[in-house]
Amino acid sequence: MAKESQPPPPSSPSTTTGITFSSSPSSSLSMMLSSTNAFSLLSKGWREVRDSADADLQLMRKRANSVKNLASTFDREIENFLNNSAMSAFPVVSSPSASSSFGNEIGIMKKLQPKISEFRRVYSAPEISRKVMERWGPAKAKLGIDLSAIKKAIVSEMEMDEREGVLEMRRRRDRDRFREFYAESEGEGEGEAGFGDWKPIRSLKSRLKEFEKRSSLEILSGFKNSELVEKLKTSFQSLYKETDEAKDVPPLDVPELLACLVRQSEPFLDQIGVRKDLCDRVVENLYKCKSQNLWRLPSAQTSDLIENDNHADDLDTRIASVLQSTGHHYDGGFWTDFLKPETSESKRHVAIVTTASLPWMTGTAVNPLFRAAYLAKSEKQSVTLVVPWLCESDQELVYPNNLTFSSPEEQESYIRNWLEERIGFKADFKISFYPGKFSKERRSIFPAGDTSQFIPSKDADIAILEEPEHLNWYHHGKRWTDKFNHVVGIVHTNYLEYIKREKHGALQAFFVNHVNNWVTRAYCDKVLRLSGATQDLPKSVICNVHGVNPKFLMIGEKIAEERSRGEQAFSKGAYFLGKMVWAKGYRELIDLMAKHKSDLGSFNLDVYGNGEDAVEVQRAAQKLDLNLNFLKGRDHADDALHKYKVFINPSISDVLCTATAEALAMGKFVVCADHPSNEFFRSFPNCLTYKTSEDFVNKVKEAMSKEPLPLTPEQMYNLSWEAATQRFMEYSDLDKILSDENGGKRMRKSRSVPSFNEVIDGGLAFTHYVLTGNDFLRLCSGATPKTKDYDKQHCKDLNLAPPQVHKPVFGW
């Protein structure tokens, strides 16, 4: 600064230029004026430079204020943190046992104290403060213009007082700038001391000192009742509880291990000729041997074992409990899909998939419709009925009276109207359609494409497959048991009996028998057979899960009232009703009538039906001159049929004849064969069964000479759909599945017990998928052409994307 106040040397070019000329008055005056003008110009330039510098200083002041605000915010956060810790602290427990238990409960938090001390020691060091200030402090303002030449010119023209005024202004400005922003001294130690006096740093150091003075117990007590700690404690308690329960489960002993080995070896034993019922008896005997000394299970499980007689389920539950106690968790096998849908809603979803639809009046169209209505009536689960959609050309071949539909909505409206007229209430369930094609040769509808894809994944919970063998003969798609949590198959038709009547029927029946076993085992968890007339399928039980139309029960009640008033309820004799094809009992009927024509005398029988074999059946009856009166087919609830007293059904190809159940519901006599298909009806007094042709004549004469007994309320209930639905829920295990609302405590045996059977089933499903993907093999096995995928007409009718969208083919 002292050097800047000295005058410039005499040899300066700027001074010699204005002083060495002539000293006359005129020249001296002109020189003074020029110097004044130059000084004014330089002064103006200096003011502009000063204003620019002031603007820069204002900008640096704003930046410094933002740094101060950030430091203040940080200071407030530290203060809030310390205050909250102090407020949440509990009184220190004086009892040594309580203190030790608290320390053991959250002892891991004691490790925080060394970390806090280390934090304070490191971040309070002068080097850290200096580095932080260098990082956060605004850069010093420097003018990038060298004004030394201008300064020298100005100083040479100014008086001493003026010079001192300018220099004093500069000193004051520089002093204020350094005092306000940096408080910086010449030495490094002084600079660190000045930064250490900054208010946020002083507050941070004081807070850390206070935090360090607190004992570890006071610090940990502040976290004791925090939300995070409470959640951790709850989780640990639940884990400890499961562990305690697991300690009560003893390991498997020798009889249990042997029973499990026999159960797992059933497929192998079946191949070497050991029947399944023999394996079941071995398991039962082992179970009884063990039950003499009951397992040391909790009381609830012990009571269940005493009450239940299902040894197989008890053994599975026992094995699952042992595996669960060891922490083992089984998520599937080599062939199975690990990801099954988890239901998050309170309602479960039931999808009923069938092979026919109204207005085709067949059992697989009518009975699934009633099942959907009565399952939805309970409102415990949402129900979807999935039926085939036929193109108009196929509708003309299948539906009666040339009835066709232009859209699925139109057919759905027809189905709902037909149903509501018969059940008397509005059924709340959904109807969906999948593409189907009609086979003239087999008189059946087959799915086109993967039927499972038409059920959304969010609704893929429980599947009911009406005729599972029929649906899966040529199924090429996702495995049902992989997409659904539980799959139940209901067998409607005795296909083997129909096939045996065809050419080379025995050979065809042999292959179909094994294919039916194959597909039902691969795609179903449980199979329900309506009667013993069907083949013995894997995972199957026998139970009639069909009811009768409520309209027939009303007709029976009306007839019972007429008889109670002394009126004649039945004014006609006997009749037979059924689709007029040879396999529906017409062959047996003509043979019986022809053989005992003389024994029956003047007995006449009215026959109602339409069908493909109508001409041949009528020609055969005329040729034998039988007392059969053929009439056009009618609905069994038609008024013209109410007055008949006896219904004759000699068919042995039915699984469970719906017409027989309807006749019993209307209070009529039924004469039928002593056959497994009629096992359910034997408990009704009005059902007369015969074993021989001579017995047939006796039963007919008995029925024509007597009056049928009125049905009791219990018998009427057994024929109703309410009772059928209850039986279905019980035998399909849906009652257990739908009532499983105990918070997930119920063990899923399929996920707890690795089963050799599941590996075999998965391999069968995979092999079936590979074979049905070959068009040549499909055609050789009798599949309807072009049923591997749906066609363009199905896309148009159902608003579907082309199959290539779902199954794209990638290539060059």
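This is a predicted model: local features need pLDDT of at least 70, side-chain atom pairs count only at pLDDT 80 or more; totals for chains, interfaces and linings use all residues.
The protein has 812 residues, of which 40% count as buried. Its secondary structure comprises 38 helices and 14 strands. Among contacts with a separation of 6 or more, 73% are between residues 24 or more positions apart. The average pLDDT is 75, and 64% of the residues score at least 70. Two stretches with a pLDDT below 50 can be set side by side. Residues 138-145 have 9 contacts in the model beyond near neighbours in sequence, while residues 240-246 have 1 such contact.

An open sheet is built from 8 strands in the order β4-β3-β2-β1-β5-β6-β7-β8, with mixed pairing. Its edges are β4 and β8 (540-542); each has a single partner strand, so one side of each lacks a neighbour in the sheet. On average, neighbouring strands are turned by 30° against each other, direction ignored. Helix α20 packs on this sheet and touches β2 (381-389) and β3, with its direction at about 110° to that of β3.

Both kinds of pairing can be followed in this sheet. Strands pair through backbone hydrogen bonds, in either the parallel or the antiparallel sense. Strand β5 (residues 462-466) pairs with β6 (residues 486-491) in the parallel sense over 5 bridges, and Glu466 stands opposite Ile490 in β6. Strand β3 (residues 430-439), in contrast, pairs with β4 in the antiparallel sense over 4 bridges. Here Gly436 stands opposite Pro447 in β4. The hairpin of β3 and β4 has 4 residues between the strands, and Arg443 in this hairpin takes a positive phi near 50°.

Helix α18 (363-377) is one of the elements against which the buried residues of α25 pack. The 15 residues of α18 should span 21 Å at 1.5 Å a residue, and its end C-alpha atoms are 21 Å apart, in agreement. Because 13 of these 15 residues are buried, α18 is largely enclosed by the rest of the structure. In the loop between β1 (348-353) and α18 lies Pro359, and the peptide bond from Leu358 to Pro359 is cis, with omega near 10°. After α18 comes Glu379, with a positive phi near 60°.

Helix α25 (residues 550-564) also has 15 residues and reaches 21 Å between its first and last C-alpha, close to the 21 Å expected. Its buried residues are Pro550, Phe552, Leu553, Ile555, Gly556, Ile559 and Glu562. Besides α18, they pack against α20 (408-423), α29 (658-665) and α31 (713-719). Gly566 follows α25 and has a positive phi near 85°.

Beyond its neighbours within four places in sequence, Asp761 is in contact with Arg479, Arg521, Ala522 and Lys539.

What of the cysteines? The count of disulfides is 0. For Cys391, the closest cysteine sulfur is that of Cys795, at 9.7 Å, which is too far for a bond because a disulfide requires sulfur atoms within 2.5 Å. Cys391 is buried, at 8% relative accessibility, and Cys543 is buried as well, at 6%.

Some backbone values remain. Most residues other than glycine have a negative phi, and most peptide bonds are trans. His504 has a positive phi near 55°; it sits in the loop between α23 (495-500) and α24 (505-523) and is exposed, at 56% relative accessibility. Asn799 also has a positive phi near 55°. Its place is the loop between α37 (792-798) and α38 (803-806), and Asn799 is exposed, with a relative accessible area of 69%.

Terms used: Residues are numbered from 1 along each chain as its sequence is written. Side-chain values use heavy atoms; hydrogens and water are left out. Contact means heavy atoms within 4.5 Å. The expected span of a helix is 1.5 Å times one less than its number of residues. Buried means under 20% relative accessible area, exposed over 50%, partly exposed in between (1.4 Å probe, protein chains only). Two strands pair if DSSP finds at least two bridges between them. Axes are lines fitted to C-alpha atoms, for helices over the stretch in contact, and angles run from 0 to 180 degrees between N-to-C directions. pLDDT is the predictor's confidence in each residue, from 0 to 100.
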